[in-house]
Structures are given as C-alpha cells and as structure tokens.
Amino acid sequence: ERGQNLLQVHVGQALLCADALAHLSTTQPSLFLTFGLREYETQVTPVLHGTRPQFNFTSNFLVTTDDSFLQRLRKECVCVELHQAVGMRQETVAVGKLRLADLLTSAEGKVYGKAVLTGVESMQQCVNVGS
C-alpha cells in the first residue's frame, strides 16, 4: 500500500560477559529475547540453550512512513530484554535499547550494530546483542 514500508529488525546473537554468566542460575542457561516497537506486538525469539545463543531471528514490521513515524524513529528506541527460562517461569536478566534514528540517514536503508544490555540486578553493562 502507498506510504507503507517494511521495517526489519534482525537479532544475530547474544554475548554474555563473565559477570553476567556468574549471575545466571546454571552454566547452560535457556535464554530468549523480547523486543518491540511501540504500537506493535512484542516479538519473542525462540528459547536457546548455552552462553552464546545464536538467535538469527528477524521480525518484520509493516510501518506507515508518515511524519509521525519518522519523528518516532528520531526519538524512540527498540526496547530489548534478555530473559532466562527457569522451569515454567522466566527471569529478566538484562535490558537495553536499540536506536533506529540512523535509518533516516542510511543510504542503503540498513543499519548494523549492537545493543549493550545492562543487568537488572548487580550485573554491569556486559551483554551484547548484535545484528
């Protein structure tokens, strides 16, 4: 439809530093990510096991590229959360933000980067999520 575009967010892998690993309840954690844009459903990656999960997960968002959306791209971020599945419950391990403003100046219409997540308890900034 006219004025609509496809915004893709791809999550490659998560790299946890030694401090983050020390705070997990197991040496082979079951991890997954959630992320989303305001006004869209939260996206959830599959649960993967290990300390270097390769998510290789892409979400597609059909967006209307009007002035309102462009303004949100300039100001807002994609909120990213790393969770550990423990039995039938989940614990949020770390949170961070992925800025999309660089899309506005990208000649290719693509931006590559990473989001540094900060532990929700005593962990430092030591989880990198890359695309």
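In which strand is Q43 found? The legends below, drawn from a predicted model, take up this residue first and then move on to other close-up views.

Figure 1. Q43 is found in strand β3, which spans residues 43-44. The side chain of Q43 makes a polar contact with the side chain of S59, at 2.9 Å. When residues up to four places away in sequence are set aside, Q43 touches L33, T34 and F35, and also F57, S59 and F61.

**Figure 2. L31 in strand β2.** L31 also lies in β2, where it is buried, with a relative accessible area of 0%. Residues up to four places away in sequence not being counted, L31 touches L16, P46, V47, L48, G50, P53 and F55, together with L82, H83 and Q84. The C-alpha atoms of L31 and T45, which are 14 residues apart along the chain, are separated by 9.0 Å.

**Figure 3. The largest nonpolar core and F35 within it.** In soluble globular proteins, nonpolar side chains tend to be buried together. Here the largest nonpolar core has 26 residues, and those with the most contacts inside it are L7, L16, F35, F61, L82 and L100. The elements that give two or more residues to this core are β1, β2 (30-36), β5, α2, β6 (77-86), β7 (89-99) and β8 (114-119), and β1 gives the most, with five residues. One of the residues with the most contacts inside the core, F35, touches V9, V11, T42, Q43, T45, F57, S59, F61, V78, C79 and V80, not counting residues up to four places away in sequence.

Figure 4. In helix α2, which runs over residues 67-75, F69, R72 and L73 are buried. These three residues lie on the same side of α2, because they cover an arc of only 105° around the axis. An α-helix has 3.6 residues a turn, so residues three or four places apart point the same way. What covers the buried residues of α2 includes strands β1 (4-16) and β5 (54-64). On the face of α2 turned away from the buried side are the exposed residues D67 and K75.

Figure 5. How many cavities of 30 Å³ or more does the count come to? The count comes to one, and about 110 Å³ of space lies in the largest cavity. This cavity is lined by L37, R38 and Y40, by F69, R72 and L73, and by E76, C77, V78 and L100; F69, R72 and L73 are also the residues described as buried in α2. Both α2 and β6 supply at least two residues of the lining, the largest share of which, three residues, comes from α2.

**Figure 6. The largest pocket and the elements that line it.** About 720 Å³ of space lies in the largest pocket, which is lined by 31 residues, with L7, Q8, L103, K110 and V111 lying nearest its centre. Of these, L7 is also among the residues with the most contacts inside the largest nonpolar core. At least two lining residues are supplied by each of β1, β5, α2, β6, β7, β8 and β9 (125-130), and β1 gives the most, with seven residues.

Figure 7. Most residues other than glycine have a negative phi, and most peptide bonds are trans. Although it is not a glycine, E39 has a positive phi of about 80°; this residue lies in the loop between β2 and β3 and, at 58% relative accessibility, counts as exposed, the cut-off being over 50%. N56, likewise not a glycine, has a positive phi of about 40°. Its location is strand β5, and N56 is exposed, with a relative accessible area of 52%.

Technical notes: Residues numbered from 1 in each chain as written. Predicted model: local features only at pLDDT ≥ 70, side-chain atom pairs only at ≥ 80, totals over all residues. Heavy atoms only, no water. Buried < 20%, exposed > 50% of the residue type's maximum accessible area, 1.4 Å probe, protein only. Helix = DSSP H or I, 4+ residues; strand = E, 2+ residues; numbered from the N terminus. Arc of directions from axis to C-beta. Contact = heavy atoms within 4.5 Å. Core = buried A, V, L, I, M, F, W, Y, C linked by side-chain atoms within 4.5 Å. Polar contact = N/O pair within 3.5 Å; in protein donor to acceptor, adjacent residues only side chain to side chain. 1 Å grid on protein atoms, 1.4 Å probe; cavity = no way out; pocket = protein on both sides within 12 Å on 5 of 7 lines; lining within 4 Å. Points joined across faces, edges and corners; volume = space filled by probe spheres on them.
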